[in-house]
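I opened this notebook page to record what I looked up in the structure. The entries follow the order in which I made them.

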Amino acid sequence: MRDLLEDLEAGRFLSDPDPVRRAQIQMRAPLPKRFYKAVSVGSGADGFTVLLDGKTARTPGRAALALPTAAAARLVADEYEAQAESIDPVTMPTTRLVNAAIDGVARQADAVAEDIVRFASSDMLCYRADSPEALVRLQNRHWNPILDWAHETLGARMTLAEGVVFVEQPSQSIEALRRHVVSRSETFRLAGLHLMTTITGSALLALAVDGGFLDAEAAWLAAHVDEDWQAEQWGHDSEAVARRNERKRDFLAAVRLVEALGPAAG
């Protein structure tokens, strides 16, 4: 289901899943010119719409670019406003996510929710190193509080394993997570949760951010405990750093969108 949250304009703008390769292609492809002068947010029966020169902006699927809160619409409007002579979709991560939500997630919400649950069934936080001790301590420090939160708040007690051998999670825990995800299944929140989940490899991290237990930076650090430890031992690779920065930009856009939606209904 990750394709639902990839940019729906992939044929024109995001022609390769690798962000470095995509940037190289992007530099060769001409960007569309900015065709509007004024950007604003309007309100109506469909919610809060992004207006370009007074006209409702549209998704690639030609749906109205409308969001449920003024704060969420303002995030998209600010990205349109920030464009200079040309429109660069790479610099508009919230807009890409909103487009995907409207044109894709809204039609397949059940499947997207189930994909988040699938990630939880093999969540990254449940697979632990048995050595070295320094890495074990780091994982415990960053991950154990999230697992405690999931147990105490969501009713999901997760089983831990050492290494990469699959461990089946208790069915009652997975069902508790499923109920929680379904309760967050408004289109835009679901899109944000799914993107956070797929970027980090952890549904529990995404749900902890949505639940206010973690802020964005704490979640990002928790998602990269292993990667950061390896980098400390062996050094940083420039292409890996570039890919990580691209992922973080998209992750932060998802967090900001979820925060701008306010508390989940029900």
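**Entry 1: confidence.** I noted that this is a predicted model. I looked up the mean pLDDT of the protein chain, which is 90, with 88% of the residues reaching 70 or more. I then recorded that pLDDT stays under 50 over residues 7-20. For that stretch the model has 31 contacts beyond four places in sequence.

**Entry 2: helix α2.** I turned to α2, which comprises residues 70-82, 13 residues in total. From its first C-alpha to its last, α2 reaches 18 Å, close to the 18 Å expected at 1.5 Å a residue. Which residues of α2 are buried? I listed Ala 72, Ala 73, Val 76, Ala 77, Glu 79 and Tyr 80. Seen down the axis of α2, these buried residues fall within an arc of 155 degrees, so they line one face of the helix. I next looked up what the buried residues of α2 pack against: the strands β1 (39-44), β2 (47-52) and β4 (66-67), and the helices α3 (93-103) and α11 (238-261).

**Entry 3: Val 209.** I located Val 209 in helix α8, residues 203-210. Is Val 209 buried or exposed? I recorded Val 209 as buried because its relative accessibility is 10%, and the cut-off for buried is under 20%. Not counting residues up to four places away in sequence, Val 209 touches Met 196, Leu 214, Asp 215, Ala 219 and Val 255. For Met 196, I noted a separation from Val 209 of 13 residues in sequence and 9.1 Å in space, C-alpha to C-alpha.

Conventions. Residues are numbered from 1 along each chain as its sequence is written. This is a predicted model: local features need pLDDT of at least 70, side-chain atom pairs count only at pLDDT 80 or more; totals for chains, interfaces and linings use all residues. Side-chain values use heavy atoms; hydrogens and water are left out. Helices (H or I, at least four residues) and strands (E, at least two) are DSSP runs, numbered from the N terminus. The expected span of a helix is 1.5 Å times one less than its number of residues. Buried means under 20% relative accessible area, exposed over 50%, partly exposed in between (1.4 Å probe, protein chains only). The arc is that of the directions from the helix axis to the C-beta atoms. Contact means heavy atoms within 4.5 Å. pLDDT is the predictor's confidence in each residue, from 0 to 100.
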